[in-house]
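Subject: Structure for you to look at

Hello,

Here is the structure I said I would pass on. Please open it first, then read the notes below beside it.

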Amino acid sequence: MKIKCVVLAIAVMAGYAAPAMADQVKPAWSGATEELFQTFVVDEGLKELGYDVAELTQVQVQLAHTAVANGDLTFYPVHWVPLHDTFSKASGGDEKLMSVGTLIKNSLQGYLIDKKTADATGIKYLEDLKDPEKAKLFDIDGNGKADLYGCEPGWGCERVIEHQLDAYGLRDTVEEKQGGSILPSFLTRSNASRLASRLYTILGRRCGSLPFSAPARKLSGST
């Protein structure tokens, strides 16, 4: 199964009616920097169609769906299918929301480690981190487990990670670190300790990473 990013809009907007001069649309934004590009692309397109595009409203992913469904905001351009389908269904589904265009196709969710560690240890698969000695290479906080810097609590990719930690028997050697301030803190601490081995989750158009639903469990090396 592949992941795609679509524009999710309030159902009444999906008809693409010609806007009146006073019509204003209000985009939702989760606060993630990597989401700004596609948001601005949609903004510019709407401006060319004659809409007055308001400033971005920052809101959590789950609440973005609810806000669009209720009409408080007009569209959310970073709805990942199928990762966010649960949020749209909980907010009223097709009766209140509609996908009005695909921005990115054939994306993957996966995991990355640095190439130096991958080459030195032969780590190729997620299951390799069941080995405590290999897992310790990614331990930042000193508890003996690999620190996996993953997704915000409640995100669709978080549910995938939590499922895979159970499915692949990794709870004893790997733990997910979450929260918006986690990654900057992690980079600071790992750099200060000169620890080069790092483990991330990624979502997007990254070649060679671990597809979230595929049976293959390969860990890609990345600088």
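Predicted model: local features only at pLDDT ≥ 70, side-chain atom pairs only at ≥ 80, totals over all residues.

Asp-141 and Lys-177 form a salt bridge, and their closest N and O atoms are 2.6 Å apart. Asp-141 sits in the loop between α5 and β8, while Lys-177 belongs to strand β9, so this pair ties together parts that are 36 residues apart in sequence. Asp-141 counts as partly exposed because its relative accessible area is 29%, which falls between the 20% limit for buried and the 50% limit for exposed. As background, side chains of opposite charge can pair when their charged atoms come close.

The count for the model comes to 8 salt bridges. Two further ones are these:

- Lys-47 and Glu-44 meet through their side chains at 3.4 Å, N to O. Both are in helix α1 (residues 36-48), 3 residues apart, which is about one turn of the helix. Lys-47 is partly exposed at 44% relative accessibility, and Glu-44 is partly exposed at 44%.
- Lys-136 pairs with Glu-133, with 3.7 Å between the closest N and O atoms. Lys-136 is partly exposed, at 43% relative accessible area, whereas Glu-133 is exposed, at 54%.

Next, the strands around Lys-177. Strand β8 (residues 146-149) and β9 run parallel and are joined by 4 bridges. In this pairing, Tyr-149 stands opposite Lys-177 of β9. Together with helix α6 (residues 156-167), the strands β8 and β9 make up a right-handed β-α-β unit.

Which residues of β9 are on its covered face, and which on its uncovered one? In this strand (residues 174-177), Val-174 and Glu-176 are on the covered face, and Glu-175 and Lys-177 are on the uncovered face. In a regular strand the side chains alternate between the two faces of the sheet.

In soluble globular proteins, nonpolar side chains tend to be buried together.

Last, look at Ala-135. Is Ala-135 buried or exposed? Its relative accessible area is 0%, so Ala-135 is buried, the limit for that being under 20%. Ala-135 lies in helix α5 (residues 132-135). If neighbours within four places in sequence are left aside, Ala-135 is in contact with Leu-129, Lys-145, Ala-146 and Thr-173. Ala-135 and Asp-172 are 37 residues apart in sequence, and their C-alpha atoms are 9.7 Å apart in space.

Regards

Definitions and conventions
Residues numbered from 1 in each chain as written. Heavy atoms only, no water. Buried < 20%, exposed > 50% of the residue type's maximum accessible area, 1.4 Å probe, protein only. Helix = DSSP H or I, 4+ residues; strand = E, 2+ residues; numbered from the N terminus. Pairing = 2+ DSSP bridges. Right-handed = clockwise from strand over helix to strand, strands pointing away. Contact = heavy atoms within 4.5 Å. Salt bridge = Lys/Arg side-chain N within 4 Å of Asp/Glu carboxyl O.
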